Amino acid sequence: MTKKSKSQLEYIKDFFRSNPLIEHKTTDIKKIIENKYLKETNKRLEDCDRGIRTLHAKGWLIKIGFGVHKYDPNYVAADKTKHDFSPSVKKQILIRDKYQCVLCKRGKKHGEILHVDHVKPRDKDGKSTLENGQTLCSRCNFLKKNLSVESMGKKIFENLYKQAKKENNIQMKKIATEFLKLFQKYNLN
């Protein structure tokens, strides 16, 4: 009988379990968790930051501030709608969005891997409801991270402006500036 290997999330949980009630900065503990995982499995731990955010989103960790979390064994997340979408809500969202990404319009028929994503991120009190769900392909979901669609759009134009400035592309700078003014005018962050 072979011993079942622990998941990457279990390594993160182990760290927090052995250090309860302490506020930990992700930047401070990431290397510790990654080194333990590497030592015990001979593999690299993938995206420790995302694992910590996942544990918070599932109600297992308490978010104290940006990049700061703690584990309290007595804490129970009160609002279950802040966790993952239920299978039935996921299906309703996929059907409503016609099994395609709401941003790039690519979907199942194009061979894309689809995700059901929170419009308002869970760590910003977004609920796992039909109204707060959207279908994204894996590429768009990765690019969005935990930003709102508006924040993601704004970030794209900020980056476009920086690149245009670097390349001295006057026309692209003007276009990016006009879009950024619209984000400011309508208070979209």
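Biologist: Where does K145 sit?

Modeller: This is a predicted model, to be clear. In it, K145 lies in the loop between α5 (138-144) and α6 (149-167).

Biologist: What makes K145 exposed?

Modeller: Its relative accessible area is 53%.

Biologist: OK, next one: K98. Buried or exposed?

Modeller: K98 has 65% relative accessibility. With the cut-off at over 50%, K98 therefore counts as exposed. Its place is the loop between α4 (87-96) and β4 (114-118), and K98 has a positive phi of about 60 degrees although it isn't a glycine.

Biologist: And why is Y99 called partly exposed?

Modeller: Y99 comes in at 29%. Buried would need under 20% and exposed over 50%, so Y99 falls in between. Y99 lies in the loop between α4 and β4, with a positive phi of about 50 degrees, and it's not a glycine either.

Biologist: Now the aromatics. How many aromatic pairs does a search of the whole structure find?

Modeller: Five. One of them is F157 with F179.

Biologist: Why is the pair of F157 and F179 called stacked?

Modeller: The centres are 4.3 Å apart, with 10 degrees between the planes. Pairing needs centres within 6.5 Å, and stacked needs planes under 30 degrees apart, so both tests are passed. F157 lies in helix α6 and F179 in helix α7, so the pair ties together parts 22 residues apart in sequence.

Biologist: How do you know that F157 is buried?

Modeller: F157 has 18% relative accessibility, and buried means under 20%, so the label holds. F179, at 35%, counts as partly exposed.

Biologist: What makes the pair of F157 and F183 tilted?

Modeller: Their ring centres are 6.3 Å apart, with the planes at 50 degrees. Stacked is under 30 and edge-to-face over 60, so 50 degrees leaves tilted. F183 lies in helix α7, so its pair with F157 in α6 ties together parts 26 residues apart in sequence. F157, F179 and F183 form one aromatic cluster.

Biologist: Which residues make the nonpolar surface patch?

Modeller: I175, F179, L182, Y186 and L188, covering about 430 Å². L188 is found in the segment after α7 (170-185).

Terms used. Residues numbered from 1 in each chain as written. Predicted model: local features only at pLDDT ≥ 70, side-chain atom pairs only at ≥ 80, totals over all residues. Heavy atoms only, no water. Helix = DSSP H or I, 4+ residues; strand = E, 2+ residues; numbered from the N terminus. Buried < 20%, exposed > 50% of the residue type's maximum accessible area, 1.4 Å probe, protein only. Patch = residues over 30% accessible without salt bridge, like charges linked within 9 Å, V, L, I, M, F, W, Y side chains within 5 Å. Areas by Shrake-Rupley, 256 points an atom, 1.4 Å probe, with all protein chains shown as cover. Salt bridge = Lys/Arg side-chain N within 4 Å of Asp/Glu carboxyl O. Phe/Tyr/Trp six-rings, centres within 6.5 Å; stacked < 30°, edge-to-face > 60°.
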